[in-house]
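Here is a friendly tour of the charged side chains in this model. Have the sequence and the 3D view open as you read.

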Amino acid sequence: MGRQSKLRQYDFYTYEDGNTVRRLEAAPDYHEERRVRREERRQAEQKRRRRRAARRNRERALKMSAGYVAFLSVCVMVVAFTAVAYVNLQSDLIIRQKRMETLEQEISDLKTDNDSAYKRISTSVNLKEIKKQAKKLGMKYPSEKQIIYYSIENSDYMIQYSN
């Protein structure tokens with residue numbers, strides 16, 4: 001090659017800008033850009049996969065098989081039956097408690113009435129007058145042969161048979 005062709009080749013590949021040498025600029029790092037783009041693509045793909053999985057899960061959650069619906073229905077009926085039974089038992093208990101309270105009140109009232117009647121009778125009876133009337137009618141105190149003594153052995157009642 002001649003000098004002329006080398007000059008032409010030099011002119012073709014170079015560019016002069018003034019009379020000073022330019023500083024070298026660092027060549028762009030295409031590998032780093034590719035790595036960043038690859039990472040962004042990977043993250044975008046992961047995001048898409050997660051969205052698809054979430055959509056599938058939502059669709060799966062919305063679909064209920066007949067067996068699952070039957071199971072849930074049975075569970076709801078069992079819970080409802082148990083709740084109704086519990087409420088019934090509670091109401092029965094409350095009714096019985098109120099009935100017991102009224103019966104206890106009646107017993108208390110009857111005891112009070114009985115005590116007051118006993119006091120009224122015991123204060124109105126004159127034992128001396130009764131003895132006097134009994135003697136007039138011919139009544140006497142019982143003799144020793146007419147009195148029968150019973151022994152009670154740790155029981156709070158006794159059965160008497162007549163002859």
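## Ground rules

A charge patch is built from residues with over 30% relative accessible area and no salt bridge, with like charges joined within 9 Å. Lys and Arg count as positive and Asp and Glu as negative, while His and the chain ends are not counted. Each charge is placed at NZ of Lys, CZ of Arg, CG of Asp or CD of Glu. Accessible areas come from the Shrake-Rupley method with a 1.4 Å probe, and for residues only the protein chains shown count as cover.

This is a predicted model, in which local features need pLDDT of at least 70 and side-chain atom pairs count only at pLDDT 80 or more, whereas totals for chains, interfaces and linings use all residues. Residues are numbered from 1 along each chain as its sequence is written, and side-chain values use heavy atoms, with hydrogens and water left out.

## A positive patch

With those terms in hand, look at Arg-55, Arg-56, Arg-58 and Arg-60, which gather in a patch of positive charge on the surface. One of them, Arg-56, is found in helix α2 (helices are DSSP runs of H or I, at least four residues, numbered from the N terminus). Arg-56 has a relative accessible area of 46%, so it counts as partly exposed (between buried, under 20%, and exposed, over 50%, with a 1.4 Å probe and protein chains only).

## Salt bridges along the helix

Side chains of opposite charge can pair when their charged atoms come close. A salt bridge here is a side-chain nitrogen of Lys or Arg within 4 Å of a carboxyl oxygen of Asp or Glu, and by this rule the count comes to five.

Start with Glu-33 and Arg-37, whose closest N and O atoms are 3.2 Å apart in a salt bridge. Both lie in helix α2 (residues 30-62), four residues apart, about one turn of the helix. Glu-33 is partly exposed at 37% relative accessibility, and Arg-37 is partly exposed at 43%.

Next come Glu-39 and Arg-42, joined by a salt bridge of 2.2 Å, N to O. They sit three residues apart in helix α2. Glu-39 is partly exposed at 29%, as is Arg-42 at 40%.

Glu-45 forms a salt bridge with Arg-49, with 3.9 Å between the closest N and O atoms. These two residues of helix α2 are four residues apart, about one turn of the helix. Salt bridges that share partners join Glu-45, Arg-48, Arg-49 and Arg-52 into one network.

Terms used:
Patch = residues over 30% accessible without salt bridge, like charges linked within 9 Å, V, L, I, M, F, W, Y side chains within 5 Å.
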